[in-house]
Amino acid sequence: MPRYVALLRGVSPMNCSMSELKRSLEGAGFADVKTLLSSGNVAFTIARTLPAAVLQKRVEKAMKDGLGRSFATLVRPSAHLQQLIQADPFAEFDLPEGGKRIVTFLRNPGAVAEVELPISRHDACILTRVGSEVLSVYVPNEKGPVFMQLLEKTFGQDVTTRTWDTVTKCAQA
């Protein structure tokens, strides 16, 4: 049975209980549901392969029905995330010391215009786009999440972002 990961935008322990989220998805028929890191990452299994757009809507409906609210959801097959990790697309770049590797997931990749990359601002750099994902690196500093502003300015708000370490954990779930 195919395994998927739902990446929810804007989730934190303050606005969504992971145990309630898990129950909501289980109640909607998703199997082997596992939440990861209390930040809106949910791995699940379904009986047959379905398009990401269909699964995104089903996960959002499950949240609405079970939690009384939903979060924008992006779904990727676990196998896709595993292939991304194995390919290690960051390896071709000379990353700054202390740089945090970031993956931004595009909800509707076809609706996002191609842009010339890399784009840099302060200690943040959007390196490249690989299909439906965008790879970036930033060095944490006192200016805060400059990389998020740069990503949203470039790709809009119909995205969600995870660290490379989180993507790795999701791929293994």
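I counted two strands as paired if DSSP finds at least two bridges between them. Helices (H or I, at least four residues) and strands (E, at least two) are DSSP runs, numbered from the N terminus. The model is predicted: local features need pLDDT of at least 70, side-chain atom pairs count only at pLDDT 80 or more, and totals for chains, interfaces and linings use all residues. Residues are numbered from 1 along each chain as its sequence is written, and side-chain values use heavy atoms, without hydrogens and water.

I found an open sheet of four strands in the order 2-3-1-4, with antiparallel pairing. Strand 2 (31-36) and strand 4 (73-77) are the edges, each pairing on one side only. From one strand to the next the twist averages 20°; axes are lines fitted to C-alpha atoms, for helices over the stretch in contact, and angles run from 0 to 180 degrees between N-to-C directions.

Pairing. I checked strand 1 (residues 3-8) against strand 3 (residues 41-45): five bridges join them in the antiparallel sense. Y4 has F44 of strand 3 as its bridge partner.

Helices. I took contact as heavy atoms within 4.5 Å. Helix 1 (residues 18-27) packs on the sheet and touches strand 1, strand 2 and strand 3; its direction makes about 155° with that of strand 2. Helix 3 (residues 78-87) also packs on the sheet, touching strand 1 and strand 4, and its direction makes about 75° with that of strand 4.
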